[in-house]
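Colleague: I'm new to this one. Can you put it up and walk me through it?

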Amino acid sequence: MSAYVILTCEFVVDKEILCQALTKLGLQYEEHEKATALMGWGNDLRNQTAEIVVRKNELNRKYTKLSNDIGFRWDKVNQRYDIVCSDYDRNMKMDERIKQAYAATALENEMKRRGFKIENEFCGQRNFGDVVTVGKKVI
């Protein structure tokens, strides 16, 4: 059984951008009004809960083979989402992939808002790496 950890993400503050980032990674997610229990790799319900959940079968299909659910829990005090992630999924860099996708999505949204045409090489690839985002604007 892989232990869950709560990862503080100072910059994951916008639900819409988080959901867009998960979609960019090719992951389906569930949104819950009330936090719901996460499931471990052996289909065991865990004590950890979250309002936004990526189920383990989604992670296994796209990136890993033995994942647990990954959740995003709203921190009312600090006004941000914390990632609820297993040690296994951290070792597979799923938390870093999600943070990277979030940052890329936020940047692209702002550039589009300012009238830039976006070209990037981020495609939710299996191999984790750098993201190149290019914005072009004719003035």
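Modeller: Terms to start: helices (H or I, at least four residues) and strands (E, at least two) are DSSP runs, numbered from the N terminus. This is a predicted model, where local features need pLDDT of at least 70, side-chain atom pairs count only at pLDDT 80 or more, and totals for chains, interfaces and linings use all residues. Residues are numbered from 1 along each chain as its sequence is written, and side-chain values use heavy atoms, with hydrogens and water left out.

Colleague: OK. Where is Asn43?

Modeller: Asn43 sits in the loop between strand S2 (30-39) and strand S3 (45-54). Its phi is near 65°, a positive value in a residue other than glycine.

Colleague: Is Asn43 buried or exposed?

Modeller: Exposed, as the relative accessible area of Asn43 is 53%. The cut-offs: buried is under 20% relative accessible area, exposed is over 50%, and partly exposed is in between (1.4 Å probe, protein chains only).

Colleague: And what is phi of Gln79?

Modeller: Near 55°, again positive in a residue other than glycine. Gln79 lies in the loop between strand S4 (70-75) and strand S5 (80-86). Gln79 is partly exposed, with a relative accessible area of 47%.

Colleague: New topic. How many aromatic pairs does the structure hold?

Modeller: Two. In one, Phe11 and Tyr102 have ring centres 5.8 Å apart and planes at 50°, so the pair is tilted. Rings of Phe, Tyr and Trp (its six-membered ring) pair if their centres lie within 6.5 Å; planes under 30 degrees apart are stacked, over 60 edge-to-face, and the rest tilted.

Colleague: Which parts of the chain does that pair link?

Modeller: Distant ones, 91 residues apart. Phe11 is in the loop between strand S1 (4-7) and helix H1 (15-24), and Tyr102 is in helix H4 (residues 94-113). Phe11 is partly exposed at 40% relative accessible area, while Tyr102 is buried at 3%.

Colleague: Now the inside. How many residues has the largest nonpolar core?

Modeller: It has 23 residues. A nonpolar core is a set of buried Ala, Val, Leu, Ile, Met, Phe, Trp, Tyr and Cys residues joined through side-chain atoms within 4.5 Å. Leu18, Leu22, Leu27, Ile70 and Phe72 have the most contacts inside this core.

Colleague: Which elements supply it with at least two residues each?

Modeller: H1, S3, S4, S5 and H4. H1 gives the largest share, five residues.

Colleague: What is Phe72 in contact with?

Modeller: Leaving aside neighbours within four places in sequence, its contacts (heavy atoms within 4.5 Å) include Leu18, Leu22, Ile52, Tyr81 and Ile98.
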